[in-house]
Each structure stands twice: as structure tokens, then as C-alpha cells.
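Good morning, everyone, and thank you for making time for this. Please keep the sequence and the picture side by side while I talk.

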Amino acid sequence: QFHTIKYEDLKWDESLGQGSFTRIFKGEKTDYRDGEKHTTEVLLKELDPDHKNCWESFFEAASFMSQISHKHLLHVYGVSVHGDKNIMVQEFVKHGALDLYLKREKSLSVSWKLNVAKQLACVLNFLEEQSIIHGNICAKNLLLVREEDPSQGISPFIKLSDPGINVAMLGKDVIMHRIPWIAPESLAAPDNLTHECDKWSFGATVWEIFNNGNPPLQGWSLEEVKLKFYENKQQLPPSQWTELADLIGQCMSYDLAFRPSCRSIIRQLNSLVTSGNNVIFRLAQDDH
Ligand SMILES: Nc1cnc(-c2cc(N)nc3[nH]ccc23)cn1
């Protein structure tokens, strides 16, 4: 399914943190093509040795990413196995994960946020057309390839990262930490993910993008309280921008049938762009 990379062709640099049962490092891979030596900056994602049993799911995530290609999907160069080390070799994305970027950058414009949400909707639509379910859409799994530069008319560019270990393989506690990104129906059946699950997660991710990276249900630390969120069919605090709140609410419908198609999501995002401008105009008018 994918390219295997020789361990000796990899070089580890600094640690960049960890994911579910994984550790990530900046690194380099060396290729020898037409007699020349090429080194490429990469992201090395190592599966924890004590979760070796998840290696199929770990590589399944990698193979899902390398069997299709899309401009907004992270490129996976391949995998390397060395002793009890299972390593996924990914493209290195300069500005890292969006959840941290949103927390750091406090003055991102509405058009920046809409632009990023539209890119996510496009790759979601592509995955649905390819009948591929991601299963872990969230701001932490969105990577910022390019920052915006308004002076040059350059807009932000994101890529969706791999879903990581399949949620069905994760323990109950890890699944709880995915509330409210994980669709309520997936809590009961994590091994039965659907495209509708990705739409629910899309709604929670758009909520994150418009809430400056404040995680939803922040401070709801106790797991049973988070479960109450689903039991009471609660919604995330709605945005003041009603059209945006409506879209997020549709995506985060407890009834799968009410979740919009990707086409509808894209259409609604496009109309938010125009209504967004009007909202600003309306607010400006109210000020006078
Ligand atoms: N495929 C990927 C995934 N994450 C990065 C990344 C980049 C960065 N500047 N800081 C980071 N801190 C944590 C991860 C990360 C890069 N590429």
C-alpha cells in the first residue's frame, strides 16, 4: 500500500509533542535519486512501543492517506519499521497544528476563518466522494502550510492530517477526551464510523476556528459531565452570527439525517462570505 523507508535513511531532530499512543519529531529523510543525495524535512510519527498492538490501525491511517492525494490532504512519504519502532514519515508542515495557531494568533479575521473552514469543507467533500471516512476531524489535525499575508493578497493554506489510531482501538478515556468532536452515535459504536460522523466533527472544528482556539466545553473536565452534554442533547454555545450558528447546529445535529451534505455545507459557507460582509456593514450601520 505504501512506500517503506529504510530506518538508516531517517534522522531524528527535536521532539514536537505527542498524539494518541504516538510521539512526533521533526526529522529528515535521505533519498538517493539519479546518483544524487536529497534530504527532505519530514515529520516522524512514532507509535509508542507499548501500543504495538495498534500498529495495523496506525499503518491503516497512513495507507488511507497515501492511497489518495489532494491538495488539502497531508502527504505521507511512507513508513519505516525498525525493531519495535513503527514510524510514519509525513510531510513537514511549517506552521504546525491549527489548534495551537488559533490560540496564539488572537486577531485572525472573519474572512481568514471562513477561508480555512471552506478548505476543510472541500477536503471533506473529496473524502466523501472517495467514500473515505476520516474519523478524527478537529483543529489539532489541521496543519497550516502557509500563513496569510494580506499585503501580498496571500490567503492561509491548510492540510488535513492523518486520523491517527482508529478511535475503536482507543480506550474509553481517550474517546471521552474527543467529546464534543466525536459524533454522539460514535460513542456507542466507535467501530461504525460514517460520513455523518465527519460532518459532526466538522461542525465542532468550525466552532473551534470561530472561538479563537478555545476548546469547546473548556473546564468541563469531569468525563461524566461531558457525557451529560450528549445525554441532554446539548449544543455548543451558539455564535452571535446566526447564519454561522445555524450551519454549526445543522452539522452537530443529533439526528444524522439532519446533517447537511458536503455540497450544502460549501454552499452555506459561500453565502456566509457574502452575509459576513453584510453583517460587518450592518454592525457598522448600527454604530452610527
Ligand atoms: N505533519 C506535521 C505535523 N506537525 C508539524 C509541526 C510543525 C511545527 N512547526 N510545530 C509543531 N509542533 C507540533 C507539531 C508541529 C509539522 N508537520
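This is a predicted model: local features need pLDDT of at least 70, side-chain atom pairs count only at pLDDT 80 or more; totals for chains, interfaces and linings use all residues.

Let me begin with a definition: helices (H or I, at least four residues) and strands (E, at least two) are DSSP runs, numbered from the N terminus. With that in hand, Pro180 sits in the loop between helix H4 (172–176) and helix H5 (184–188), and a cis peptide bond with an omega of about 10° joins Ile179 and Pro180.

Residues are numbered from 1 along each chain as its sequence is written, and side-chain values use heavy atoms, with hydrogens and water left out.

Two other loops hold a residue that is not a glycine but has a positive phi: Ser131, at about 50°, lies between helix H3 (110–129) and strand E6 (142–146), and Lys233, at about 45°, lies between helix H7 (223–231) and helix H8 (242–251). Ser131 counts as exposed because its relative accessibility is 56%, where exposed means over 50%, buried under 20% and partly exposed in between (1.4 Å probe, protein chains only). Lys233 is likewise exposed, with a relative accessible area of 56%.

Finally, which residues of helix H1 are buried? They are Ser57, Phe58, Phe59, Ala61, Ala62, Ser63, Phe64 and Met65, and what covers them includes strand E2 (22–33) and helix H3.

Key:
Contact means heavy atoms within 4.5 Å.
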